[in-house]
Amino acid sequence: MSVIFQKAIENEAQIKLEKKEKTMDLSKALWAKKDDDQGKGEWLPLLQHLEDTSRVCGFLWDHWLCDGQRKIIAGDHDLDVGRQVMFFLGAIHDLGKATPAFQIKGYYSRPL
């Protein structure tokens, strides 16, 4: 392999590494909940909060709602569709927190 070709490969690898270092982890870019009780300024990422809530909704569907409540949520659809609706609603319930109006309310430096 020629020296010029080898240098080109090394330069491309370095550029990719620099881009990766500059790229923000979007899963932690937005906050949902904050805790400053002990002056630590910790926060919970929005994506984690939405995922947690979605799973809690699934748990409630499986273990807490009665059959009548499940049928009301499912409507004319199969109960599996109703369960999917519960997961979906949990996953989107706080999407408004992804807006600049919410995100400028405060900033903490590290996730919970």
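The model is predicted, so local features need pLDDT of at least 70 and side-chain atom pairs count only at pLDDT 80 or more, while totals for chains, interfaces and linings use all residues. Residues are numbered from 1 along each chain as its sequence is written, and side-chain values use heavy atoms, with hydrogens and water left out.

The secondary structure of the chain comprises 5 helices and 3 strands; helices (H or I, at least four residues) and strands (E, at least two) are DSSP runs, numbered from the N terminus. From the N terminus on, the order of the elements is α-β-β-α-α-α-α-β. Of the 112 residues in the chain, 22% are buried, that is, under 20% relative accessible area with a 1.4 Å probe, protein chains only.

The structure contains 1 aromatic pair. Rings of Phe, Tyr and Trp (its six-membered ring) pair if their centres lie within 6.5 Å; planes under 30 degrees apart count as stacked, over 60 as edge-to-face and the rest as tilted. The ring centres of tryptophan 31 and phenylalanine 102 are 4.6 Å apart and the planes stand at 35°, so this pair is tilted. Because tryptophan 31 belongs to strand 1 (residues 31-35) and phenylalanine 102 to helix 5 (residues 100-103), the pair ties together parts that are 71 residues apart in sequence. Tryptophan 31 and phenylalanine 102 are both buried.

A further ring, that of tryptophan 61, has the charged end of arginine 70 over it, 6.0 Å from the ring centre. This description requires NZ of Lys or CZ of Arg within 6 Å of the ring centre and within 35 degrees of the ring normal.

Notes:
Buried means under 20% relative accessible area, exposed over 50%, partly exposed in between (1.4 Å probe, protein chains only).
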